[in-house]
Amino acid sequence: MSGYVGNIVESVTSIFDGMAVTFSHFFRRPYTVQYPDRMPVRVQDTLPYRYRGFLEVDLEICTGCLACERACPIDCILIEVLKDKETKQNLLVRFDIDLAKCMYCGLCSEPCPTGSIHHTREFEGADYSLESMVRRFVLEPTVTYKPKKAGEDDPAIVPILERGMRYVNEFAVPEAAPKAPKKEAAPAAKPAPAAPAAPAAAPEVQS
Amino acid sequence: MRAYLDAIAAGYPTVSPALVYLIGMLAFGALVVFVFILPVAGITSWVERRVWARIQSRIGPNRVGPGGFLQWLADGLKNLLKEDVIPAAVDVPLFRIAPYVVVAGFVAAFVALPFAGSLIIADLNIGILYISAITSLVVIGILMAGWSSNNKWSMLGGIRSATQIICYEIPVGLSIFPVVLLSGTLSMQGIISAQGWAPTSWHMFHSPFLFVSFLLFFVGALAEGNRTPFDLPEADSELVAGFATEYSGMRSLLFFLAEWGNLYVIGVLVSTLFMGGWQVPHFTDNGVVLAVAQFATMFVKAYFWVFVAMWVRATLPRVRVDQFMTLCWKYMVPIGLVNVVGTATMMVVLPQGSIVLRWIMVAMTAAILVQFARRVFFHLRRANYGRLGRISEGAA
Amino acid sequence: MSLELEFADGRDVFATEDMVLNMGPQHPSTHGVLRFIIRADGEVMRSAKADVGYLHRSIEKIAEKVGWHGFMPYTDRVDYVAAMTTNQAWAMAAEVLGGVTVPRRGEYCRVIAAELGRICSHLLAAGAMGMDIGAITPFTHAVRERELINDLLEELCGARLTFNYMRIGGVAWDLPPGFGAKVLRFLDHFEPYVDELDDLLSGNKIYIERLANVAVVSRERAIAYNLVGPNLRASGVKYDIRKHLPYSVYPEFDFEVPIGEGRHGSVGDCWDRYIVRLHEMRQSARILRQAIDGLPEGPVIAKVPRNYKPAAGEVHVHVETPRGDQSWYVVADGTEYPYRVHIRTGSFAAMAMIEELSRGLMIADLVALIASFDIVAPEVDR
Amino acid sequence: MNTAAIQQFLHERFGAAVGPVESARLFDYVEVDPSAVEEVALVLRDHPDLAFDCLNNLSGCDRPTRGRIQITYELFSYVHRHAFVMKVGARRDRPEVRTVERVWPAANWLEREIYDLLGVIFLGHSDLRRLLLPDDWVGYPLRKDYVEAPEYHGISTVRESALKLSERR
């Protein structure tokens with residue numbers, strides 16, 4: 001008998017308390033983000049700096065080293081570099097990325113010396129066919145970028161390189177490599193083998 | 001109602017009065033269905049989604065119309081326009097009819113539902129008996145749907161629903177008994193007239209037996225309406241969608257129309273039987289104003305219970321089939337029987353009831369509500385839900 | 001007078017035919033794509049045979065083709081609900097084979113990420129359990145909390161689900177500035193939430209009735225079937241890889257290993273498996289607080305060549321994922337590709353046991369059983 | 001007990017069926033004859049000093065150079081909290097091993113998985129069907145000489161890279 005009454009009491013009290021929990025939610029703010037139209041700011045702008053969205057290549061600072069192509073585990077990057085016999089320059093004739101195949105792992109942007117290939121915060125790419133997700137970055141053969149010993153001075157390239165190096169600096173630095181002085185808990189700056197002049201900009205704080 | 005029809009029949013002496021009655025009743029029925037039942041059921045669907053959403057820290061449908069109010073119209077239109085898929089292996093006639101049987105079963109209940117003192121389609125003298133009988137028609141429709149779908153999940157759903165509705169008729173009936181004993185009538189208007197507008201005169205607070213009866217009735221009504229925690233027939237995590245699995249488009253919507261409409265029926269029944277129905281203080285002699293006030297009172301009371309049903313659904317898990325039967329036969333039926341005997345004894349000992357007991361019951365309910373509010377505040381205080389991350393910052 | 005209870009051919013008059021039900025591959029509560037072939041007598045099951053493989057992506061074969069570094073993103077997909085711990089398992093396997101030591105700060109970063117991932121996974125498990133039992137609200141609340149963790153992890157590594165955060169030798173990114181404070185702020189919010197979940201769901205009488213004494217796994221059967229992690233601990237075996245076969249920097253933290261106590265039924269029932277996960281979330285929060293408190297300075301990744309070639313050898317690595325001891329068997333042959341990778345996951349072991357446990361349960365209990373084992377179908381199939 | 005002690009104990013009981021302690025660089029193991037594996041397993045489980053009540057992992061590995069498919073039993077004892085690794089080399093041309101399903105129920109699915117992916121036949125197994133792959137799949141994918149069929153039921157198993165397609169244009 002005590003079990004019988006106990007069951008009833010337990011049911012009533014536990015349901016009572018559960019109802020109180022749910023009722024209290026009428027007085028709490030909803031968490032819904034009304035993507036995409038009813039947002040105070042675009043959702044892309046709220047994403048953190050490290051967000052791995054679509055890949056983008058800055059051809060101005062691409063050295064044509066093929067490190068990204070080698071790093072890609074699923075071969076979604078295709079690069080062709082030709083040697084121009086007259087000018088002795090390397091020509092980028094192809095830099096295709098299949099964004100439909102890409103798994104946004106970020107392994108390609110890690111070895112990039114200049115931050116030329118990097119993830120953006122864009123992610124909206126719905127399309128009607130897989131082929132149209134192939135992004136072609138080289139429209140006409142482009143001369144690859146050669147880092148300058150004295151630091152970059154071309155005003156057209158400096159901001160791009162700065163941005164690229166900031167991206168590179170986000171990545172962690174191996175133990176043995178020399179470290180740039182850093183503030184508390186700030187990510188270590190990676191030594192810039194290709195562009196010594198690049199200032200290590202403080203990473204953007206996203207919250 | 002009858003007076004209007006008599007007047008019309010008098011105007012057309014050549015037409016048989018029976019035909020006038022028939023046409024008049026059909027027209028009035030259609031009017032009630034389209035003007036009242038469909039919108040109420042539809043709006044209930046929208047309210048339910050908004051209520052759930054708020055409980056779940058979401059916003060809910062808010063795009064169609066002001067605050068998403070017209071969402072139900074959009075959904076209804078969409079479902080009307082959708083293809084009505086009838087799978088190849090189903091029993092076609094039964095499959096087609098089933099939703100209509102379900103809807104008919106629940107719409108027929110409106111015949112005896114009171115809206116206000118003068119607003120009732122037919123004040124049957126067996127009102128409550130009629131309603132509890134006619135709402136059981138739904139089970140036939142659900143069984144038909146489950147069986148004719150030629151799908152094992154549907155069939156399990158249909159069978160569960162049948163057991164459920166048949167079993168819970170008994171505790172529901174038993175919990176209506178004390179009310180009928182008190183009011184001495186089965187007529188809906190009669191039951192309401194036996195109560196007053198003040199809470200102390202409601203049947204619910206007559207004695208502890210009646211209060212328990214009220215709880216039993218509400219639980220039993222939820223079970224009969226296939227609502228959580230008794231939504232076994234359409235248990236989506238077990239039976240996919242139960243008896244409605246194979247339905248699409250409007251036919252599928254009709255089942256849900258019946259479910260949402262049924263909520264309102266439950267609300268009206270609870271307020272009629274236990275909460276004084278449309279009773280308002282007699283503040284004016286103007287019949288129309290009084291009728292409007294009565295209608296509003298009834299609607300608010302009924303809709304409060306609709307809201308509670310939604311809230312319960314958002315809170316509780318689902319019981320299992322055997323536990324469901326245990327609850328019915330081991331708990332609700334015996335308690336219901338005790339209630340009947342207890343009320344009868346009360347009526348012999350205290351034929352006029354006891355106003356002290358009524359006040360104690362009201363005070364007790366108030367104490368429960370206060371305790372509830374305290375728990376709500378406790379949960380609010382405990383939850384540290386300040387600005388945390390991007391999500392809450394992005395919220396509108 | 002004798003009743004004729006048999007047909008002429010000897011069949012029992014009252015015997016009914018079993019019904020064969022196909023639950024899945026698409027079913028609301030199969031947590032991925034998997035299929036059960038249920039033989040049922042009405043609502044009571046005679047047996048439920050699991051048919052897996054719908055999510056087989058041949059990850060073990062892929063490992064032999066993509067190289068040591070390149071396999072890391074694939075480990076995210078082994079168990080996408082808790083990718084961090086799988087990341088860690090692969091990184092550890094490669095490190096042990098190659099003799100790489102991870103810097104201390106790197107290990108702390110790993111622990112922070114892995115414990116956040118564990119909370120994430122257990123939240124989903126607890127919420128989905130409520131959902132399968134029919135309570136909708138706990139699921140949305142759990143996912144709401146999970147979103148907050150996802151925001152944190154996104155800030156840490158740029159992805160919300162397939163993190164690819166760890167690297168052989170450490171982690172790819174250091175903690176962003178102010179990350180520790182954010183995690184602490186989240187924990188201040190999260191710990192009361194677990195209590196609220198207790199009030200809303202775990203204490204609910206209907207919920208307890210649905211789970212207590214259902215699908216009881218005894219200690220012996222749990223070990224024989226090699227149940228791992230929370231499922232094993234719910235059966236009363238106090239065994240946690242983090243504690244008893246320590247890896248990373250877990251020995252430095254003070255935390256408890258919750259085990260099933262059979263509070264509402266017998267030890268090892270569905271309710272125990274549920275509550276063990278809830279307690280584990282609290283313990284993870286404890287570890288997180290300590291890890292953020294004692295975060296050392298220094299680099300987070302060791303120097304590892306791009307062309308990683310560990311010497312030939314074999315290794316067994318055990319990592320405590322949210323679904324228990326994930327056992328990796330990795331064979332290296334001195335080349336830049338792994339020779340063989342085998343992953344024995346927690347869900348795999350649990351899945352193999354369902355057929356035995358399902359006998360005599362009701363169909364609604366099977367749903368509770370799958371949820372209580374926290375089975376993630378892709379982890380079974382890999 | 002460590003591997004050496006267990007090996008000595010088993011060697012005394014089973015003689016030549018249990019090989020010497022060998023090293024896989026990071027752990028030691030003992031090679032057991034395919035036909036004797038069930039008896040060895042029973043002893044490992046039931047002897048109170050060993051009490052390996054849990055088959056933690058069962059993995060196969062194709063070794064074409066040795067002509068063997070190596071099956072690794074990773075055992076763990078929750079009683080003594082010690083581990084032991086036992087290996088069985090099944091002949092590649094006739095891969096047959098006694099099942100340990102009746103010793104450790106956990107082996108049921110693990111053995112099915114190995115049968116599915118490596119084609120090792122576990123003699124005496126109660127339900128030796130493919131586990132992960134479709135029942136009518138041809139070949140054992142984790143064998144080193146496995147070549148994937150170009151199509152399965154008319155569905156091509158290869159998808160041309162979109163990058164290559166764009167090249168053609």
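## A walk through the chains

Start at Ala51(D), which sits in the loop between α2 and β3 (54-63) of chain D. The model is a predicted one. Ala51(D) is not a glycine, yet its phi is positive, about 50°. Most residues other than glycine have a negative phi, and most peptide bonds are trans.

Now look along the chain to Asp136(D). Glu39(D) and Asp136(D) are 97 residues apart in sequence, and 33 Å separate their C-alpha atoms.

How many helices and strands does chain A have? There are 4 helices and 6 strands. Along the sequence they come in the order α-α-β-α-β-β-β-β-β-α. Chain A has 207 residues, and 35% of them count as buried. Contacts across the sequence matter for reading its fold. Take the contacts in chain A with a separation of 6 or more: residues 24 or more positions apart account for 73% of them.

One peptide bond in chain A deserves a look. Tyr35(A) and Pro36(A) are joined by a cis peptide bond, with omega about 0°. Pro36(A) is found in the loop between α1 and α2 (43-46) of chain A.

Which chains share the most contacts? Among the 5 pairs of chains in contact, chains A and C do. Their contact takes in 37 residues of chain A and 34 residues of chain C. On the side of chain A that touches chain C, α1(A) gives the most, with 8 residues. That side of chain A, facing chain C, holds 23 nonpolar, 7 polar and 7 charged residues.

Chain A also meets chain B. Here 23 residues of chain A contact 22 residues of chain B. Helix α1 (residues 2-24) of chain A supplies the largest share of the side of chain A that touches chain B, 10 residues. By class, that side of chain A has 12 nonpolar, 7 polar and 4 charged residues.

Look at one helix pair in this contact. The axes of α1(A) and helix α12 (residues 287-315) of chain B come within 9 Å. They cross at roughly 105°. Angles of 65 to 115 degrees count as roughly perpendicular, so α1(A) and α12(B) are roughly perpendicular to each other. From α1(A) come Gly18(A), Met19(A), Thr22(A) and Phe23(A). They meet Trp311(B), Ala314(B) and Thr315(B) in α12(B). In this contact of α1(A) with α12(B), 4 residues are nonpolar, 3 are polar and none is charged.

Move on into chain B. Its domain assignment gives domain 1 (1-77) and domain 2 (82-353). The centres of these two domains of chain B, taken over C-alpha atoms, are 19 Å apart. Domain 1 of chain B brings 13 residues to their contact, and domain 2 of chain B brings 15. Which helix gives the most to the side of domain 1 of chain B that touches domain 2 of chain B? Helix α2 (residues 17-55) of chain B does, with 11 residues. That side of domain 1 of chain B has 9 nonpolar residues, 3 polar and 1 charged.

Ser57(B) lies in the loop between α2 and α3 (71-81) of chain B. Its phi is near 60°, a positive value in a residue other than glycine. Ser57(B) has 22 other C-beta atoms within 10 Å, so it is buried.

Last comes confidence. The mean pLDDT of chain B is 83, and 96% of its residues reach 70 or more. Residues 387-396 of chain B stay under 50 in pLDDT. The model has 26 contacts beyond four places in sequence for residues 387-396 of chain B. Where pLDDT is low, the predicted coordinates should not be read in detail.

Finally, consider chain B and chain D. No contact joins them, and their closest C-alpha atoms lie 25 Å apart.

Terms used
Residues are numbered from 1 along each chain as its sequence is written. Chains are lettered from A and ligands numbered from 1 in the order in which they are written. This is a predicted model: local features need pLDDT of at least 70, side-chain atom pairs count only at pLDDT 80 or more; totals for chains, interfaces and linings use all residues. Two residues are in contact if their C-beta atoms, placed from the backbone, lie within 7 Å. Helices (H or I, at least four residues) and strands (E, at least two) are DSSP runs, numbered from the N terminus. Ala, Val, Leu, Ile, Met, Phe, Trp, Tyr, Cys and Pro count as nonpolar, Asp, Glu, Lys and Arg as charged, and the others, Gly among them, as polar. Domain bounds come from an automatic or database domain assignment. A residue is buried if 20 or more other C-beta atoms lie within 10 Å of its own, exposed if 12 or fewer, and partly exposed in between; C-beta atoms are placed from the backbone. Axes are lines fitted to C-alpha atoms, for helices over the stretch in contact, and angles run from 0 to 180 degrees between N-to-C directions. Angles under 35 degrees count as roughly parallel, over 145 as roughly antiparallel, 65 to 115 as roughly perpendicular and the rest as oblique. pLDDT is the predictor's confidence in each residue, from 0 to 100.
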